[in-house]
Each structure stands twice: as structure tokens, then as C-alpha cells.
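Open the model in your viewer and keep a selection panel at hand.

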Amino acid sequence: MTTLIKEHAVEQISAGTISKGYLLANRIGGGVIAGIGLYIIQQALSYGVLRDGLPADGFYPLIVGSLLTLLGLSLLVSAKSEAQERGEDSYVPERSGMIKLAISAVAIAGFLLLLQPVGYVGSMVLFLIVVLKAASNLRILTILLIAVGFTLATFYGFSKALGVPLPLSHLIPLAALGF
Amino acid sequence: MKTTRKLLGAAMVLALATGATACTSEPTSTATTTSKYPEQGKDMTIIVPVDAGGTTDNVARALAPELAKELGINVQVLNKPGAAQQIGITQLAQSPADGYTIGFTNLPSMISGYANPARGATYTRESFTPIAGVAKSDTVVAVKPDSGISTLDDLISKAKAGTTTAAITGGALGDDDLILRQIQNATGTKFNTVPFDSGTDKMLALLGGRVDFIVGSIATVLPQVQNGQLKMVSLLAKEKNDAIPDVPVNDIGVNASANLTLSGPKGMPADVTAAIEKSIKTVLDKPDVKAAIDKTGSQTTFISASDTSSFWEEGDGKIKELISQAGAK
Amino acid sequence: MNPIDGLLTGFATVLTPGNLLLAFLGCILGMLVGILPGFGPAAASAILLPVTFALGPTGAIIVLAAILYGASYGGTVTAVLLNVPGEASSVATTLDGYQMALKGRAGPALSIAAMGSFVGCIVGLIGFVIATPLSKFALLFGPPELFAVTIFGLSIVTGLAGKSLRKALISAAIGLMVALPGLDPVSGAPRFTFQSPELFDGLSFVAVVMGLFGISELLSTIDHNIKSGRALPVGKILPTASDLKRSAGPIGRGTLIGFAMGLLPGSPGAAASFLSYVTEKRLSKRPDEFGKGAVEGVAGPETTNNSMAISGMIPLFALGLPTSATTAIMLGAFTINGLVPGPLLFDEHPEVAWAIIASMFVGNVILLFLNIPLVRVWVLFLRLPYPVLYGVVLGFMLLGAYSLENSIFNVGVMLAFGVLGYLLRKIDVPLAPMALTIVLGQLMERSFRQSLAMSEGSPTVFFSTPLATVLLIIALLALLYSGIRPALARRTRFARILAPKSEVPVPANISTPTSTDRNQK
């Protein structure tokens, strides 16, 4: 594991050498941006660019779309020279990190889906348990404590003190508790 | 290895939770029709389709605690701003019609939301059960004191002589634009309009002399009028308003009065509607509630469910006609 | 009543136990809502408005004003510690504030921010007192003038560039794109809304920047193997003498920038603090340090925010016109209590007007003395194991985004922009230009088309007043200069590289963070 990090780190420092993955990422980025630009141009034309001699709905989007297309293409073409100047954020994520990201994504999706039916308290506790379990090596009891403590504190803080009504549960046991 | 197991575990927890809600959430949402209203322990939510701090919100927050006392249940105010009330009103239309979710459907401004097909609203007049009107807000025409315009006639003749510009909010076919179109139809004039996105910007445009006049609710122009920066030249209502006795009612038959109206989703049981309507009437009769609402700049006015309904029909017809005229041009 | 007498009577009213307590409570509450990402001063004061019925006009406005300026102190905390801008105006602070925190200099960053905020507010208040006639200034700015201001704003973009100018421009163009969805400002027809009414008002700026900066930072930290914590050195709390010396200029200039921008109608907070940031970067002898933890990059924007929070109240007091959501609620508090803000207020109720102004002096002193010791508390957050921080901050942000408009839609917006920000960082596209152009984009199109609507299509409208003409010329020159400048800079850099011993000089006390630092745990 440590060797992996070291190798990874070495790849970071040696700016100036071109990484193939980074070059590809830049090209894809340029391509996608140009594509979106073209879509905006097409929409802008459908909204109409001029009406009675005045700029109409599509006038400004047309400018923005053209800018995006030009800049996207320019990144696509000059990706190689761009790839020589790498910043510090452009490292390749690690496998274990990717797994945490995936679990976080699932947990967030679950939170959003459950928020209306289960209510804020239930879904936030569940969300925190999943994320903390995945991201840390804390004991499950500690995790439970943090999850329940955070959720109840924010629930009462927001819905009672700040007057922001948070979604309540449709589940009978939770609803009976006032959550 | 360990991470894969974690992933599995997390997925199982989620799956269990989703399964559990699927089983239990259904009975609770349908089992509300039989019992008597209001049921103890339930909360009422008033959806306010605009940002916190506006007139409607202030009225809602003045009303909520008193209504809670009257009904004997908790009453919450939920701000759901966005898309000129459309977001909040959509949510109201989709809420269960059990009397525990009601909301503000301000007339006539909410009508232009569904009458204008470009806005793609998913509700119509039939999506709601009117409950009561709680306050009335009149619209005036305001100009700068040094503009040389002192009556509505002055303004009309100026418009006939050359370009006369109004600052509006709400864009084309929004509230202000529809009012101007009524004046144009009644007098055969044509105004140039400059759209702004907030009442403040509209006011700045007038105070800065960039436009000739505005139309707006009394509440929005009163501070500047009292400071002598603006004057009101005409009241766009059917009858005089006691708050501004000096401002003449327009003689061209334009009525742009607005009502702050509470409604529920369609299909609300008649007894539930009547129970809420009655509580609102009682609450509005209390002097301190009336005073609190009047201070927001509108006039506390109880309007019964049936009167609200006919006011709605009238506005519905008027606005649909204005919008189809605009489309035909 | 002349200002001096007015202030003296004002202080006499404020320095009573009851009013002092109100100012104190308002400050605390403001700071707390400033720290909660998403939940801003406008929402807090709207909810408090009914409570303030009971306090009378003076008490009510004291509390509401305290929430407003208290929040601009609090917004800094999450920006510095977590890269999460809690409000629109603290986006620029994240750029160097968070980098300082990563280097164990969170304490000095927060202390400097508190001092800058204090100076910004106090000088802003003095301006408030002597320059109330200046309020007519706001009336000089119609659509053509504002259009010129937005063009000037575009010239800031290149100042926010990192290594690659092209990528900064890409970021700026994406920002203009992000501002596109919504109803057309003139015709009212939906554009790029994909049939969803949630997009009719455009995307919520706060949700977007919370995602772009905050979520993307969380993702970039968790995507490599951090298990036990990031063990950031907490270091000293108080700024060093050199920090103070370097901050003096930015604080002074930040005050002026904030004060002037606050007087403009509809001037967006984020643009003003970016203007301060870029001004400092361009004036600095060490522009290379910006984006890597330059104290000037915190001092300037933070001062700007607070100075703007104060001068933003001038149009309300002097003209009765609220130029922000919070001042709109203060207007509500005035009218509910039967008072009319505007010139009349100082004539008819001078005791109320001056008491409120005096309370702001007092409140800022309270905030300064509250904030400096609290810095010690805030930096304790950094001691939390990173995985715990990750989970809890993510939870806070989900809640904060929800509370913006009580809707899940904004949570989705925040997450989507979090992912976008994460991906863009991987190809080194800087995010700050995007945040700036999201703000400017809408304003630019609106003011452009409003101007043409005023003149019924004649482009002469952009030169219709002397102010518009002057501003537009300045804006175009600034844009031209900002276009030429990077080319000049590039030439000198090549010259340096070609010269023998061509290392870019890095001052000894600042070490460039590389991903090796971040990967070590």
C-alpha cells in the first residue's frame, strides 16, 4: 500500500512530463464542453436571436454557446500543451477512495429518496451511519452516537429554534415520536 | 476485502429501509378521510409560495398562531418560493385534500401562472378548493412629483403624444404587464415597458427618472409616497380605498385589486372547508390580528369561500382573454 | 439633529441593558446562521420578524441589523476551515483562507478576517453617518450604467486564472452557461428549463457554490486513502506581525471597494469580494502566493463583505429602498412598526434612526471581542478525525441546501455542482471564475436588454448619461488590459525560465502544497 502511494506521489511531482490519463481527461473535457456549446447554439437559434430589431431570447445564449464551443475546441486541440502544466488536484483517485465515493453516492441517493417518506430524522441517521461506517474505522457504537446526536440536534435546532419545518415521517413508529 | 463487505452492508441497510417504508407509508397517507376534523395531534401546514418576509408571508405568520388556537392544532408556515409562486402552488395542488395542507393562492396573480401556456403549469382553477380571502390589496399608478403628470388623463394623453415608458416586474404577461394591458385596452394607448426583476429595481428606475410611471400595490409605493419622492395619481379599483382617500378611482373601468386567498387542493370535504373558513373568519375579527395584517400594507378583508370562487372565475376569464389577445398579436 | 448629536443620543439609547442584550443576541444568532451553510441571514431574520413585533421599532431593527452583519463574520468560519462558502459573499474567502487552514494557519486566517470585518464595518458606519446624502448615488445607476459595471466585472476573470488562461476562460464560459436557465428577462418565456418550473428562477447561487467549492473539496479529500485523520497542524492562533503588516493595505482597499459596491443597486456580493481579491493579487509583490494561502487574499475580501453589508443599508435608510433580501425584511420591520424608512425617518424619528446606527457600532465591537477568542474554538474542528468531519459536514450541507427553499431540488443542484467541480478540478479548471460569471452573467444580459428596451432598440442608450459613458470606457479599457496582461506576464515568465537558475522563487516560509502532503496520511 505504501509503495503504491509513493509511486502515485512521484507521478504527481514530476510536472512537465505528460500523463496519458490527464491528456485524455483534458481532451474529453474539451470535447464535452464544445458539445454543450453546440447544443446551446442550437437551442438559442430555436428561441430566436432578433425580434423587431431588438435582441431576443436567443441572442445572449448564442454568444455564450459560441464561447463554449470555441473554448472547448481550443482545449481539445491544445490538450497536449495544456497537459504540461498540471496542478495539484489532478492526481488519480485511489481505489479505496473510489469505493468510499461510491458508498457516499449511494448513501446520498438513499437520503434523497427516503427524505419524504421516512422524514428527516430517520433518513439522516441512516445516511450518517452508512457514510461514517464507510469512511472511518470508528466503532459502530460511536458511529451510532454521532449519527443520532447530530440528527436530533439539527432537527430540534432547525424545526424548533429556527422555525424551518423539516420533512416528518410517514412511518408510524417514527411519527408517533414526533419525528 | 473489508471495503467490499462494507459496501454490501451499506447496500443491505438501504434496501431494508426502502422496503420498510414501502410497506408502512401507504396506509397512513390514505387513512385520513373518515375521522372528524380537526384531529388532535395533527399539524396544519400553510404553504406560502413566496419568500419569507414578503406581504403574503407576513400575513401568514400573523395568522398562523391564532388559527392554531382556533383549530386546536399546530399550524406551520412553509415557504416554498420560486417561479412566481408556481412551485409552491404546484405542491399545494398535489397535497392530500384532508384540510391539513392549505396554502395561499393569491388572486389574480396566480391565474397568469396557469393561463399562460408557456409556463407549463400542471394545475388549473379546478385543482383547488377556495377557502377564504383574508386581505385585499389595491393597485395604484405612481409617478414622480415633478413629472408634470397629475391625473390618469395626463398620463394617457402623454402616451398618445409620444413614447411613455413603464417599469414592470414579472416580465411579459406577468402581473404588471397584464394590468398595463387592461389600461391600454380601455384607452387605446400603447406603453413601452422595461422589465425588472425586483420591486426595488423597478422603483429605482422610476426614482432615477429612467421610466415615466409604474403600477404597483399601495404597500410597495407608500414609503416613497410618504417621503415625497412619488405621488399616486390613480387607484385601479372599483371603489375608494380608505387608506388613501385622496387618490381618485380611475374612470376607465380598470380593476386590478388583488386578494390574498387561502385554498386547499381540489376535492376537500365540504365540512372541512367550512370548518377552516369559519375559523379564519373568527380570527380575522380579532382586532390585534386585523391590526397586524393592516400594517403589512393590505386591508384585512374576510371574503367567503363562495365569493372567492366567483372572484376567481371573473379573473380567470379576464386574464385568459388578455393572454390570448397578446398571443394573437 | 447633526450627526454628532444624533450619535450621542443614539449611544445613550443603546447603552441600556435591554438594548445591549438585544444587540448581543442578534450578533450571536447572526454568527450562528452565518456558520450554517445555506441558512443565511435573510431566512433567519424573516423567521424572527414576528418575534420582533413585541420589541418595538428600535429593538427590532437592532436585532435584525445585528443578524445581518453578524452573519458576515460567521460565514468566514466554514469558508476557511472547510472550503464551504456559507453565503454568496464568502466564496472569495475560500480561495486563500482554506489554503491557509491546510497549512495550519486557520487561526491567523480567522483572526485577520475578524479584524478586517471589524474595520470594514466601522469605517462603513462612519461612511454611513457622513455620507447619507451619497445615497442618491444609487439613483444614478440605471440599466446602462449597470451593464458597464458588469463588463468591468468580466475583466476580473483573468485575475482569477491559475496556470492556464485558457482554462480560466473555460471556467468563466461555463459560469455564463450556468446562469442561462430561467425565464427570459424580457419575454418571460422559459429558456433551458427542461420543462421544470424549479428552473424558472435560475439555479440558486448559494446551492451552486456550496457544491462547487464545498462538496468538490470533500470528494477530492476522500478520494485517496484518508483513514485516521488529516492531522493538520493547528499552529498559532494569532496572526504574526508580518500578517498584520501585509493585511493593512488589503483591509483599507477592501473597505473602499465594499462601501462603493454596497451603494450600487443589485450589486452582487460575490462580485465585490472577487474584485477585492483580484485587486490585491494584482497589486501584490508576491502574486504567486495567491491561491496558496496568501493572507492578503483573506483580509481583502472579508473586509469587503462587511463594509458592503453596512453600506448596503444606506439605500434603505436614505431612500426606503431595500437592495438585498435582508434589508427587504428590515423594511418590513419598519413598516410593521409604523415607521417609514427614507429621508423622513431622520426628520420624524431621529432617536430611532440614530439608535440603530449607534447599535451597529456597539454590535461590531461585541463581535470583535467575541470572535477573536472564538477562533480557538473553531480551529478545534480541525482536530476531529477527517472521516467524522466528512460525514457530519456532508450532513450539514444536505440540510443547509434543503433549507434554502425547503426543497430537495436545491440539494440535487448542490450535489450535481459538487461532482462537476470535482471533475473540473481533475483537469485543473479553476472554479473561481465560474462563481464570478454566474453572478455577472444574469445581470449582464438583463441590464443589456433593459437598456435597449428603454431606448426602444437604439444602442446610443449605453452612452446616454455621462456616467454610463465614463463607466463603459473604463470597463472596456480594463477588459483590454486584462486581456493583454497575461500575455505580458507569460513573456516575462519565459524570460525567467530561459535565464540561468530559472526556478520560480518560492519564499521560504510558504511551502507549496503538493498532493504528496495530502497523501501522506
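How much area do chain C and chain A bury between them? The model is a predicted one, and in it chain C and chain A bury about 6,200 Å² between them, with 69% of that on carbon and sulfur atoms.

**Stop 1: chain C against chain A**

Select the residues in contact across this interface: 66 come from chain C and 73 from chain A. There are three salt bridges between chain C and chain A. To see one of them, select Glu82(A) and Arg166(C), whose closest N and O atoms are 2.7 Å apart. Side chains of opposite charge can pair when their charged atoms come close. Polar contacts across the interface of chain C and chain A amount to 16 residue pairs, both residues being at pLDDT 80 or more.

Now colour the side of chain C that touches chain A by element. Those that each supply at least two residues are helix H9 (165-178), strand S2 (190-191), helix H10 (205-222), helix H18 (386-405), helix H19 (408-426), helix H20 (432-454) and helix H22 (515-519) of chain C. H18(C) gives the largest share of this side, 12 residues. Coloured by class instead, the side of chain C that touches chain A shows 36 nonpolar, 15 polar and 15 charged residues.

**Stop 2: chain C against chain B**

The area that chain C and chain B bury between them is about 3,500 Å², 59% of it on carbon and sulfur atoms.

Two salt bridges cross the interface of chain C and chain B.

**Stop 3: the salt bridges as a set**

Show every chain again. Over all chains the salt bridges number 27. The pair of Glu82(A) and Arg166(C) crosses between chains, from helix H4 (residues 79-82) of chain A to helix H9 of chain C.

**Stop 4: two helices inside chain C**

Select helix H11 (residues 241-263) and helix H13 (residues 296-311) of chain C: their axes come within 7 Å and cross at roughly 30°. The crossing of H11(C) and H13(C) is right-handed. Residues making the contact include Gly254(C), Gly258(C) and Gly262(C) of H11(C), and Ala299(C), Gly300(C) and Thr303(C) of H13(C). The residues of this contact divide into eight nonpolar, 10 polar and two charged.

**Stop 5: two helices inside chain A**

Move to helix H5 (residues 95-135) and helix H6 (residues 140-161) of chain A. Their axes come within 9 Å and cross at roughly 145°, and the crossing of H5(A) and H6(A) is right-handed. Among the contacting residues are Leu128(A), Ile129(A) and Leu132(A) in H5(A), and Ile143(A), Leu144(A) and Ala147(A) in H6(A). The contact of H5(A) with H6(A) has 16 nonpolar, two polar and one charged residues.

Definitions and conventions. Residues are numbered from 1 along each chain as its sequence is written. Chains are lettered from A and ligands numbered from 1 in the order in which they are written. This is a predicted model: local features need pLDDT of at least 70, side-chain atom pairs count only at pLDDT 80 or more; totals for chains, interfaces and linings use all residues. Side-chain values use heavy atoms; hydrogens and water are left out. Axes are lines fitted to C-alpha atoms, for helices over the stretch in contact, and angles run from 0 to 180 degrees between N-to-C directions. Helices (H or I, at least four residues) and strands (E, at least two) are DSSP runs, numbered from the N terminus. A crossing is left-handed if the near helix is turned anticlockwise from the far one by less than a right angle, and right-handed if clockwise. Contact means heavy atoms within 4.5 Å. Ala, Val, Leu, Ile, Met, Phe, Trp, Tyr, Cys and Pro count as nonpolar, Asp, Glu, Lys and Arg as charged, and the others, Gly among them, as polar. Buried area is the accessible area (1.4 Å probe) that two parts lose on being put together, summed over both. A salt bridge is a side-chain nitrogen of Lys or Arg within 4 Å of a carboxyl oxygen of Asp or Glu. A polar contact is a pair of N or O atoms within 3.5 Å; within protein, one must be able to donate a hydrogen and the other to accept it, and residues adjacent in sequence count only if both atoms are side-chain atoms.
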